[in-house]
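Hi,

Here is the structure you asked about. My notes follow it.

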Amino acid sequence: MKLIQKLGLILFLIGLGSFILIPFLGNYSLDKELVLANTKDIHQAKMAEILEPMYGESYSSNFTFLNAFGDYFNTYNDQLKAEANWDQVIWDDYSFSLALAGLDSPVKDDPWMFFALSIGLAVLGGIFYNLPKYQGEPEGIKNNGIFHSSMKNRGILGMITGSFLILFYILLYWFPAYLVTLVAMVSPISEMLSGNPASQWFLYGLIYTLAIIVMGVRMFRKYRGNKYQQLRTASVMFFQTAFAFLIPEILVLLNQPYFDFKNIWPLDYDFFYDYQISTFLSSGGVGMFMLIWGILLIIVGVPVFTYFFGKRWYCSWVCGCGGLAETVGDPYRQLSDKSLKAWKYERYIIHGVLVLAVVMTLVTIANYFSGFSFLGNATNQLHSFYGFAIGSAFAGVVGTGFYPFMGNRVWCRFGCPLAAYLGLVQRFKSRFRITTNGGQCISCGNCSTYCEMGIDVRAYAQKGQNIVRSSCVGCGVCSAVCPRGVLKLENGSEENRITDFPILIGNDSVKLNA
Amino acid sequence: MSGNRHVVIIGNGISGVTCARNLRKLDENVRITLVSGESKFFFSRTALMYVYMGHMKFEHTQPYENWFWEKNRLELKEAWVKEIDYSSKQIIFQSGEKLAYDDLVIAVGSKPNKFGWKGQDLKGVQGLYSKQDLELMESNTQSGVSRAVIVGGGLIGIEMAEMLAYKKIPVSFLVREAGFWDNILPKEESALVGKHILEHHIDLRLESELEEIIGDESGRVKAVRTKSGEEIPCQFVGLTAGVSPNIDFLKGSELLTNRGVKVNLSFETNIPNVYAIGDCAEFDQSPAEDRRPIEQVWYTGRMHGETLAQTLAGRPTSYKPGHWFNSAKFLDIEYQTYGTVPASWDSSRVDSFYWEHSGGKIAFRMLLDKSGTLLGINNFGFRLRHEFFDRALSEKWSGTKVIANLAKANFDPEFFAPYYIEIQKEFKNQFGGDFKVSKPSFIQKLFGASV
């Protein structure tokens, strides 16, 4: 390892360490004004009363503060629940906003310094580490030592990384009150962009985008000499930074709805939720454009682009989940399960999620037009189930947290309903396929090993059969790692795209179907 | 099962396994047993190097999942064969166990050549062919190797050099000839690969021949001496001067052997119901003008298996290979060849067109006969389509037609630089010809895919 890379690693670890320590810095205290300022009108009096014992107390950590808050709040709510006094129960969770408001921390006083020390150092270290990679070596993809690596082959480092990611996602989705110090730290950036203080989602979006950029640099180094990989990496970096991160924030600054123009239903599962629809409808021409744009992407964009280019136009060139998988997740791509059994599970699960998303949306729309009468409860139940199980647990905790265990495309392969939709088009009506180069395959297995979607590419290549699979995201790595020039991603005529009885060229003794 | 004909295949490499698979497809009832002492399950021998370098785990080299064999009723017998009793039609294993057959296929592959060098059996000296060789190499290079020497400049030699480079073990690569793999590659191509080897800091020594391997008191290699008298201290020696049929255990019986098991073009040996395919078979005549009597390539092994399966299924078929093709990867440079391109040719009968990119890693060679008809091509550093050249060779296209249509032969990934344009320009320069040079597409211009 070069000196600068060692320095980068040290900086990254200092940054990561600071990031982990920052939530522990600071004291928490509440007073009545704070409570009134951070609760809804209907709850103000009650919350001020419930939390009264906390006024004037100083809590030295988020644990003690949130424990005390939980005790008082739950005592109140549980009693009402026991009495079945449902109208009085407070369903809103004020722990995040009150913890953020009640926080007194050096991080809040000097956010830029702490930002530089944590995220800043991690990003700088990551770039120092990645940029000099393979310097002085001839161009070519080197997968050296991947299966000897603790990080990349489910060793102790991989386990630690996966556990850390899982913990982070659990906190982010369900216990964000523990992360308020970090949210306060990035608040000045949020205010610069949108004029609003940061939420935990801004923190997440920022880290997510920076991670794609830093690991995108790694991709540029790793896949030197492969223009396809370079371009598609640049593309996901651009779409994440501009479309997913900056543009929505700037829209908010301009008093427009927060909107990611490249997010498509049913991945964007709340697109048809009543509050979304009413936001679009109440935001004038811009809102109307967003609504129509979103619908056009679903009914025209997906089928047309997928017909011409395959689902890769989205999954490995545009999508944010794909963007993270293809950059941060690239070191783990070889961990996907290639067995036939996994493929069977994959088809049941991903199409199950698609059906669930469609049913949920249909119920939502029916409910919307029926005037919130009889379907109201079913809609809410479905939304909260889907949001918890699919939106948070599957897409987030499993989707990213499982990178070091099951590869970088667990969500995309088993869960994403949009991938399922794109996949159906790709399988049945598309010009995209991966072609195999006559009889040149030597069954070495590099392609299958490095397929992040768990496709047994070799099974096709050694038969001389085109690869037409709904799950293929067209990352092009099978082609990149093939030592004999066998695989090529192509868009071409639909005729002979699917070859059920392929013939291997080169043996004139028999014309047989391998 | 006892009533069914029993086909026993010794060896579960690409030849034996292809034969078994195709036979099962053609015949539902025949009993098929694959015998191997090397590995219970079929794996791709060509991928052993990737296991060593941590690109893959050994299981990744297995093209079929473990349930595949039972599902297709291909019985697997993991044992080493001691001898074969042809008169009673049975195999005798080293354990003493016996297995009766009706038809026997010998597909036992190769072993690394050892030419009787002094010290060739010392500890730390080995070839690389089998799974056991890989395991041996892993233990031989685990620690304490500060330099390795590789003897013999072929495909396995350069693979071994790459493997050792992964372990950061400095390599001296002794090649007897004046150029790397120059019995196969023309001079320019051989030089191109040679330069690339040096670029990887591998100490390539052309025209260097091994004299002897020197051991220490413990019987471990400590140095090699070359014919020129130079002594190179080393703790590991790779013997990669080719391979030869692995048939020692078959010699001295009524089975006719020479270098390999002697077969006709239907893979029949001199003993009825006994066949030989793959690396270990030696044809009594060349299968085609440009073919050797022993074919030691993955692809030919596969074709032998495909062909013999037909005969065993009651459709007597003799081996008729199509146009020659092959491929390899020299460190970072991919190589493909279609048709016939020998290392040298008679320029009164053959014309050669050669283009090399200024970077020295991409090249294209095309040989034509004096009437301008395509004989074969070599391509380095970029990919060309097998189907295209198979057709061009079958239909006896002129070189001009091949070059005019070269864009269609391109098999590089999207957005890669269009080298075929440069090749077309150069061909026009050297040979003339009435055709239009391809134009870069809009996308190619946009993304600056410069050549």
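Domain bounds here come from an automatic or database domain assignment. This is a predicted model: local features need pLDDT of at least 70, side-chain atom pairs count only at pLDDT 80 or more, and totals for chains, interfaces and linings use all residues. Residues are numbered from 1 along each chain as its sequence is written, while chains are lettered from A and ligands numbered from 1 in the order in which they are written.

Chain B first. Its domains are domain 1 (6–111 + 244–312), domain 2 (125–241) and domain 3 (325–446). The C-alpha centres of domains 1 and 2 of chain B lie 30 Å apart. Their contact (C-beta atoms, placed from the backbone, within 7 Å) takes 10 residues from domain 1 and 12 residues from domain 2. On the domain 1 side, helix H2 (48–52) and strand E8 (110–112) of chain B each give two or more residues. Helices (H or I, at least four residues) and strands (E, at least two) are DSSP runs, numbered from the N terminus. H2(B) has the largest share of that side, four residues.

Now chain A. It splits into domain 1 (27–104), domain 2 (192–430) and domain 3 (432–514). For domains 1 and 2 of chain A, the C-alpha centres are 34 Å apart.

One residue to look at is A:Cys478. Beyond its neighbours within four places in sequence, A:Cys478 is in contact with A:Ile434, A:Cys447, A:Tyr450, A:Cys451, A:Val457 and A:Leu487.

Best wishes

Key:
Contact = placed C-beta atoms within 7 Å.
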